[in-house]
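Me: Before we look at anything, could you take me through how to read a model of this kind, one feature at a time?

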Amino acid sequence: MLFQGKDKKEQKIEQLLLENYDSYYRLAYSYVHNETDAGDIVQNGAYKAILHSDTLKQEKYAATWIYRIMLNEIFRFLKKEQPLSLDAVEIEQGKEDTYENVDLQRALELLSKEDKAVIELKYFEDRKLTEIAEILDENVNTIKSRLYRGLKKLRLELSDD
């Protein structure tokens with residue numbers, strides 16, 4: 001059996017990682033636009049989640065805890081990498097678009113990483129504002145402000161095209 005000899009928290013984390021792998025991958029890919037890098041980010045995040053499963057305080061928050069780890073891995077990766085040029089994004093779009101609307105994808109790239117994370121978690125991962133606040137370790141009102149500010153920026157950007 002897959003979970004034999006493991007504690008309950010580690011089992012829960014492994015289960016969530018397996019069930020939500022595609023969501024974590026989509027989230028990472030939406031930031032890095034590279035299949036290999038997105039896969040590496042998710043693998044690193046999964047490794048850290050399993051390795052540090054004993055630090056999870058309450059099992060019921062495991063899903064939120066894993067999203068936070070994945071976002072931290074994405075942001076860590078982005079700090080090391082040079083920002084992608086628009087040409088590089090267009091080359092990657094030839095492979096497989098994360099979003100159906102290329103204009104929306106370009107507009108999302110113009111947002112701060114924090115605003116983008118809120119919008120992606122809300123609309124692409126279907127997370128509630130309270131969950132997003134937990135994932136990003138922020139106040140719900142801060143998340144609401146980022147959401148509305150980000151949506152306003154997206155509307156402005158998309159209306160200019």
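**Reading burial, packing and ring pairs**

Me: Let us start with one side chain: is His 33 buried or exposed?

Reply: His 33 is buried, with a relative accessible area of 3%; the classes are buried under 20%, exposed over 50% and partly exposed in between, with a 1.4 Å probe and protein chains only. Bear in mind that this is a predicted model, in which local features need pLDDT of at least 70 and side-chain atom pairs pLDDT 80 or more, while totals for chains, interfaces and linings use all residues. Residues are numbered from 1 along each chain as its sequence is written, and side-chain values use heavy atoms, leaving out hydrogens and water.

Me: Which residues touch the most other members of the largest nonpolar core?

Reply: Such a core joins buried Ala, Val, Leu, Ile, Met, Phe, Trp, Tyr and Cys residues through side-chain atoms within 4.5 Å. Of the 41 residues in the largest one, those touching the most other members are Leu 17, Tyr 24, Ile 66, Leu 71, Ile 74 and Leu 136. At least two core residues come from each of α1, α2, α3 (62-80), α5 (102-109), α6 (113-124), α7 (129-136) and α8 (140-160), and α3 gives the most, with 10 residues. Ile 74, leaving aside neighbours within four places in sequence, is in contact (heavy atoms within 4.5 Å) with Leu 27, Ala 28, Tyr 31 and Ile 41.

Me: How many aromatic pairs does the structure hold?

Reply: Rings of Phe, Tyr and Trp (its six-membered ring) pair with centres within 6.5 Å, planes under 30 degrees apart being stacked, over 60 edge-to-face and the rest tilted. The structure holds 4 such pairs, and among them Tyr 21 and Tyr 25 are stacked, at 6.4 Å centre to centre and 20° between the planes. Tyr 31 and Phe 75, in turn, form an edge-to-face pair, at 5.8 Å centre to centre and 80° between the planes. That pair links distant parts of the chain, with Tyr 31 in helix α1 and Phe 75 in helix α3, 44 residues apart, and both residues are buried.

Me: Which residues do ring pairs link into a cluster?

Reply: The cluster is made of Tyr 21, Tyr 25 and Tyr 29, linked by ring pairs.

Terms used:
Helix = DSSP H or I, 4+ residues; strand = E, 2+ residues; numbered from the N terminus.
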